[in-house]
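Please read this note with the model open beside you. Each numbered point takes up one topic.

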Amino acid sequence: MQQTNRPVIFITVPLAPALMAQLSAQFDCLHGWELQDALLAGEVWPAVRAVVTTGAAGAARQLLQALPAVELVACVGVGFDAIDLDYAREHGIAVTTTPGVLDHCVADTALALLLAVLRRVVQADRFVREGCWLQGGFPLASSLSGKRCGIVGLGNIGRAIARRAEAFDMQVSYHGPGRKVDVAYPYYADLLEMAAAVDVLVLALPGGAATHHVVDGRVLDALGPEGVLINIARGSVVDQAVLVERLLDGRLGGAGLDVFEQEPQVPEALFDLPNVVLTPHVASATVETRTAMARLMLDNLLAHFSGRPLLTPLRLS
Ligand code: 8YV
């Protein structure tokens, strides 16, 4: 790379073309996806001052160790489970995410999946396209109104889901590490208890070690053969092998899944199940939201390099 006075940044995965253009207009950019072999071979990039990444790609210890002068990890996304925060804390590396700008779209996706599963939207579409309507009517689906919707994780996204579920006349309750003083929804300290009491369980909690497989076989059994699981959080929060088993043998009623344990790998056993709707981690993927996320990440990056306070830093204490 040609030597300039511009800060050097390391971009982990290809980003939207408009964002890539904005980044390369202001920074000298290394492309992580072209440097994987060099990274594995132990190469070090001492000129790099910032990492630009996504929620899914994160910044693992091995990468951060290869960037000894890195000052900032700027993430296009709210999930920081793939960023090694311990390493960042120990080495004084700041981390920014993009909170607040994606809540609506992610919540919309949760409701889209819920509607798709309960009202069989995908199946009904296929029914028309395949000419089955000519042979007779489509089987009855299930309504949303009156159903009990348990939200796991009542953060900004969970709250946006709750408001939408209420608008569909669902009965909202929630589970999380603590009761929220500013909401009237019933609170369950015990996830198993809530799973047994609801028709739909919507996962909106952060990923990471603390929440790994919190939705296990017991929770899925409590949700039961009429119950539906919606996951727009992280694949890691569900024991996916058990989830697949339960969906296959009918011990769980259905699922709408945007996230998976080993993306982009999705268990093929799910492909033939009519009561399951699968999307490729697209909850925040609208032009408007991705543009706002890109803008916020870029503003954090520019603030850092011009000595201004970061807009949305994570507290790493
Ligand atoms: C994105 C996400 O898929 O915010 C997150 O943590 O998982 C998503 O919004 C991802 O960060 C791509 O930008």
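Which polar side-chain atom lies 2.7 Å from an oxygen atom of the ligand? A polar side-chain atom of His281 does.

1. Ground rules. This is a predicted model, so local features need pLDDT of at least 70 and side-chain atom pairs count only at pLDDT 80 or more, while totals for chains, interfaces and linings use all residues. Residues are numbered from 1 along each chain as its sequence is written, and side-chain values use heavy atoms, with hydrogens and water left out.

2. An N or O atom in the side chain of Arg234 is 2.7 Å from a ligand oxygen atom. Gly55 uses its backbone instead: a polar backbone atom is 2.8 Å from an oxygen atom of the ligand. Taken alone, the ligand exposes 330 Å², and the protein buries 89% of that. (Accessible areas come from the Shrake-Rupley method with a 1.4 Å probe.)

3. Ligand shell. The residues around the ligand, those with a heavy atom within 4 Å of it, include Thr54, Val76, Leu102, Ser284, Arg290 and Met293. The shell divides into four nonpolar, six polar and two charged residues. Here Ala, Val, Leu, Ile, Met, Phe, Trp, Tyr, Cys and Pro count as nonpolar, Asp, Glu, Lys and Arg as charged, and the others, Gly among them, as polar.

4. The sheet. Seven strands form an open, parallel sheet in the order S8-S7-S6-S9-S10-S11-S12. Strands are DSSP runs of E with at least two residues, helices are runs of H or I with at least four, and both are numbered from the N terminus. Two strands pair if DSSP finds at least two bridges between them. The edge strands are S8 (187-188) and S12 (276-278), and each pairs on one side only. S7 (residues 171-175) pairs with S8 in the parallel sense over two bridges. Tyr174 stands opposite Tyr187 in S8.

5. The cavity. The structure holds one cavity of 30 Å³ or more. On a 1 Å grid over the protein atoms alone, a cavity is a set of points where a 1.4 Å probe fits but cannot get out; a pocket is an open set with protein on both sides within 12 Å along at least five of seven lines; lining residues have an atom within 4 Å of a point. A volume is the space filled by probe spheres set on the points, which are joined across faces, edges and corners. The largest cavity holds about 50 Å³ of space. Its lining includes Asn231, Val238, Leu257 and Phe260. That lining has five nonpolar, three polar and no charged residues.

6. H6 gives the largest share, four residues. The lining divides into 17 nonpolar, five polar and six charged residues.

7. Backbone points to check. Most residues other than glycine have a negative phi, and most peptide bonds are trans. Arg120 has a positive phi of about 55° although it is not a glycine. Arg120 sits in the loop between H5 and H6. A cis peptide bond joins Glu263 and Pro264, with omega about 5°. Pro264 lies in the loop between strand S11 (254-257) and S12.

Key:
A polar contact is a pair of N or O atoms within 3.5 Å; within protein, one must be able to donate a hydrogen and the other to accept it, and residues adjacent in sequence count only if both atoms are side-chain atoms.
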